[in-house]
Amino acid sequence: GGYVAPVVKIEPGARSDTDPSDIKDIEPFLSPYLEDASFQVRCVHPKRTFWEKATAAHVYCVQGRIRGERYARHWHDLAAIMRSPHFDTAVKDREVARAVAEHKSHFFSEKDATGRPVDYLAAVAGSLHLVPEGAAREALAADYASMLEDQVMVGDALPFEDLMAA
């Protein structure tokens with residue numbers, strides 16, 4: 001059990017887009033005990049992550065339901081980016097917002113609660129819906145509580161109502 005499943009999910013294929021990205025130096029927590037433990041990885045820039053998460057949250061909100069479990073992490077990540085120095089750059093980057101919307105329109109077409117296609121371009125142009133209502137909000141609150149109970153977050157996580165306010 002637990003919030004984090006004991007599996008690794010590998011998603012090969014052309015559905016993902018990682019631009020913009022940066023090369024970052026990574027030093028694992030165990031590096032003081034291991035020789036040559038540091039390495040470099042390509043990391044998606046926080047502005048791409050912001051728009052990916054915002055559009056994912058938007059879909060869940062306009063569908064009026066949370067499909068499955070482990071979706072609360074998207075709202076946690078959005079709030080973390082919003083509190084970071086990366087937020088101003090992310091929210092103002094219309095080029096990345098549009099690229100995410102176009103990519104999702106091609107590879108992740110979804111329908112809203114009424115059966116109409118989700119318009120990602122309209123969402124990133126100002127109609128994002130990021131706070132679920134009714135049963136979807138209750139399901140998200142329960143998912144978030146499970147995430148916190150299993151101590152998935154490193155450091156202080158916002159209480160659920162503060163997360164929704166953010």
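Predicted model: local features only at pLDDT ≥ 70, side-chain atom pairs only at ≥ 80, totals over all residues.
Biologist: At what angle do helix 1 and helix 2 pack, and is their arrangement oblique or perpendicular?

Modeller: Helix 1 covers residues 46-63 and helix 2 covers residues 72-82, and their axes are 9 Å apart. The two helices pack at an angle of about 135 degrees. Helix 1 and helix 2 are therefore oblique to each other.

Biologist: Which residues make that contact, and how many of them are nonpolar, polar and charged?

Modeller: Helix 1 contributes Pro46, Thr49, Phe50, Lys53, Ala54, Ala57, Tyr60 and Cys61. Helix 2 contributes Arg73, His74, Trp75, Asp77, Leu78, Ile81 and Met82.

Biologist: Is the crossing of helix 1 and helix 2 left-handed or right-handed?

Modeller: The crossing concerns the manner in which helix 1 passes helix 2. That crossing is left-handed.

Biologist: Which residues of helix 2 are buried, and against which helices do they pack?

Modeller: The buried residues of helix 2 are Ala72, His74, Trp75, His76, Leu78, Ala79 and Ile81. Their packing partners are helix 1, helix 3 (87-92), helix 6 and helix 7.

Biologist: Which residues join helix 2 to helix 6, and how many are nonpolar, polar and charged?

Modeller: On the side of helix 2 the contact involves Ala72, Arg73, Trp75 and His76. On the side of helix 6 it involves Leu140, Asp143, Tyr144 and Met147. The residues of this contact divide into 5 nonpolar, 1 polar and 2 charged.

Biologist: Are helix 4 and helix 5 roughly parallel or antiparallel?

Modeller: Helix 4 (residues 94-107) and helix 5 (residues 120-127) have axes that come within 8 Å and cross at roughly 155 degrees. Angles over 145 degrees count as roughly antiparallel. Helix 4 is therefore, relative to helix 5, roughly antiparallel.

Biologist: What is the handedness of that crossing, and which residues of helix 5 meet helix 4?

Modeller: The crossing of helix 4 and helix 5 is right-handed. From helix 4, the residues involved are Arg94, Ala97, Arg98, Ala101, Glu102, Lys104 and Ser105. In helix 5 they meet Tyr120, Leu121, Val124 and Ala125.

Biologist: Why does Arg48 count as buried, and which residues does it touch?

Modeller: Arg48 is found in helix 1. Buried means under 20% relative accessible area, and Arg48 is buried because its value is 1%. Not counting residues up to four places away in sequence, Arg48 touches Asp17, Asp19, Pro20, Val96, Ala99, Val100 and His103.

Biologist: Is Lys47 buried or exposed, and what does it touch?

Modeller: Lys47 also lies in helix 1. Its relative accessible area is 16%, so Lys47 is buried. Leaving out residues up to four places away in sequence, Lys47 touches Pro20, Thr89, Ala90, Asp93 and Val96.

Biologist: How far apart are the C-alpha atoms of Gln63 and Ala136?

Modeller: Gln63 is found in helix 1 and is buried, with a relative accessible area of 8%. Beyond its neighbours within four places in sequence, Gln63 is in contact with Glu110, Lys111, Asp112 and Ala113. Gln63 and Ala136 are 73 residues apart along the chain, and their C-alpha atoms are separated by 8.7 Å.

Biologist: What separates the C-alpha atoms of Val44 and Arg116?

Modeller: Val44 is found in strand 2 (residues 39-44), and at 32% relative accessibility it counts as partly exposed. Apart from neighbours within four places in sequence, Val44 is in contact with Thr18, Pro20, Ser21 and Thr49. Val44 and Arg116 lie 72 residues apart along the chain, and the separation of their C-alpha atoms is 31 Å.

Biologist: How many disulfides are found in the whole structure?

Modeller: Cys43 counts as partly exposed, at 25% relative accessibility. Cys61 counts as buried, at 8% relative accessibility. For the whole structure, the number of disulfides found is 0.

Biologist: Where does Gln151 lie, and what is its phi value?

Modeller: Gln151 lies in the loop between helix 6 (134-149) and helix 7 (160-165). Gln151 is exposed, with a relative accessible area of 67%. Its phi is positive, in a residue other than glycine, and is near 55 degrees.

Terms used. Residues numbered from 1 in each chain as written. Heavy atoms only, no water. Axes fitted to C-alpha atoms, helices over the stretch in contact; angles between N-to-C directions. Helix = DSSP H or I, 4+ residues; strand = E, 2+ residues; numbered from the N terminus. Parallel < 35°, antiparallel > 145°, perpendicular 65-115°, else oblique. Left-handed = near helix turned anticlockwise from the far one by under 90°. Contact = heavy atoms within 4.5 Å. Buried < 20%, exposed > 50% of the residue type's maximum accessible area, 1.4 Å probe, protein only. Disulfide = S-S within 2.5 Å. Nonpolar A, V, L, I, M, F, W, Y, C, P; charged D, E, K, R; others polar.
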